[in-house]
Amino acid sequence: MNSRIVSTGMYVPPKVVTNFDLEKMMDTSDDWIKQRSGIKERRWVEPGETTLSMAAKASLQALERANLKPDDIDMIIFGCLVSDYIFPGTGCLLQKELGFTRTIPALDIRNQCSGFVYSISLADALIKSGQYKRILIVGSEVHSTSLDKTTRGRDVSVLFGDGAGAMIVESCDNSQSKIIDSELHSEGQYAESLAILKPSPNDFPRLKADSGPGAEIYPYMDGKLVFKNAVIRMTEVMKNILNRNSLTTKDVDFVIAHQANMRINQMVLNQLEMPFEKTHHTLDRYGNTTMATIPITFDEAVLLGKIKRGDLVVFVAFGAGFTWGANLLRY
Ligand code: ACO
């Protein structure tokens with residue numbers, strides 16, 4: 001028994017926010033953002049659009065493309081950085097929103113930018129164990145409402161965008177199209193180097209009525225530390241997964257790398273001596289959509305014909321935690 005990717009879907013809100021728009025909110029420039037990250041614009045939600053509504057749109061597209069109905073799905077794995085409610089998780093909301101008549105399990109995971117590679121690894125293992133036949137994986141992120149859009153938060157807020165990506169993984173006995181292997185890691189000593197720390201249950205009281213929001217309710221990132229570790233770890237995990245499967249970078253047809261920074265991905269590919277044409281980027285138009293970057297970028301690369309059935313593909317990601325990992329698959 002193997003598992004394979006059947007279909008994908010994606011959604012980004014229609015509202016485009018360019019680097020020039022950000023110049024009006026904070027002390028930054030189009031040149032700085034483009035040079036340091038490769039990002040030109042991103043999408044932001046408007047009132048009425050939520051983590052759930054974007055997740056539902058991406059999921060419905062994936063279902064439609066596979067000619068499936070919600071009840072054909074056996075399990076939902078959902079991930080996001082900031083969910084609609086503190087609890088319950090948005091996975092349960094998605095189960096209701098898509099109109100399931102079956103009480104299938106909905107699992108919410110919290111692995112940030114590595115969420116999709118973690119989820120694919122988990123879905124593959126659950127399918128191989130025979131527990132489920134078809135799993136819907138969704139990453140949906142509303143970042144724009146959690147960002148500090150003043151100059152104080154400019155190092156983080158220019159990088160992130162809103163969007164959702166979905167993927168359906170199902171059991172198969174086709175050896176030409178399958179998830180081959182996954183490798184996952186974490187290094188919790190860096191948990192606070194990329195985090196939103198407040199509000200926290202460790203504070204008494206958790207929310208103080210008389211104080212306005214402080215910097216800790218916004219994402220904090222030690223950018224240089226994240227950058228350095230992202231390059232080292234993404235390179236390392238790709239080498240590991242290929243070595244373990246007696247493959248080299250020359251065997252790989254395409255790499256879908258997490259979309260955090262164009263320079264990070266360039267360095268990873270350089271170190272692996274892989275041509276830049278073997279990858280695709282959506283970062284320039286959507287920014288970093290955290291768990292949604294892998295399915296969005298894969299979806300676009302498939303639609304553009306850059307990835308074809310039978311191609312050997314690697315997904316690789318690095319993010320908060322720190323967490324990182326890779327999936328190796330034949331599409
Ligand atoms: N506009 C203009 N200037 C800025 C901005 C901005 N938006 N942000 C920071 N600066 C300034 C800094 O204050 C600094 O000024 P100084 O020299 O006077 O002190 C200067 O620009 C240089 O800042 P650096 O931090 O040295 O810039 P760097 O080249 O390191 O780039 C960046 C910063 C883009 C954040 C980079 O470090 C990076 O991409 N890091 C990794 C991001 C990432 O991968 N995140 C992980 C995923 S997120 C997740 O998992 C949730």
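**Helix packing and domain contact in a predicted model**

Helix 3 (residues 51-65) packs against helix 4 (residues 90-97) at an angle of about 55 degrees, and their axes are 10 Å apart. Helix 3 is therefore oblique to helix 4, oblique being what remains once angles under 35 degrees (roughly parallel), over 145 (roughly antiparallel) and 65 to 115 (roughly perpendicular) are set aside. The model is predicted, so local features need pLDDT of at least 70 and side-chain atom pairs count only at pLDDT 80 or more, while totals for chains, interfaces and linings use all residues. Residues are numbered from 1 along each chain as its sequence is written, and side-chain values use heavy atoms, without hydrogens and water.

**Helix 3 and helix 4**
- Helices are DSSP runs of H or I with at least four residues, numbered from the N terminus.
- Axes are lines fitted to C-alpha atoms over the stretch in contact, and angles run from 0 to 180 degrees between N-to-C directions.
- Helix 3 passes helix 4 in a right-handed crossing (the near helix is turned clockwise from the far one by less than a right angle).
- T51, L52, A55, A56 and S59 of helix 3 meet T90, L93, L94 and E97 of helix 4, contact meaning heavy atoms within 4.5 Å.

**Domain 1 and domain 2**
- The domain assignment, automatic or from a database, gives domain 1 (2-172) and domain 2 (178-330).
- Their C-alpha centres lie 14 Å apart.
- The contact takes 59 residues from domain 1 and 47 residues from domain 2.
- The two domains bury about 4,200 Å² between them, 63% of it on carbon and sulfur atoms (buried area is the accessible area, 1.4 Å probe, that two parts lose on being put together, summed over both).
- C113, V117 and Y118 supply 15% of the area that domain 1 buries against domain 2, more than any other three residues.

How values were computed: Helix = DSSP H or I, 4+ residues; strand = E, 2+ residues; numbered from the N terminus.
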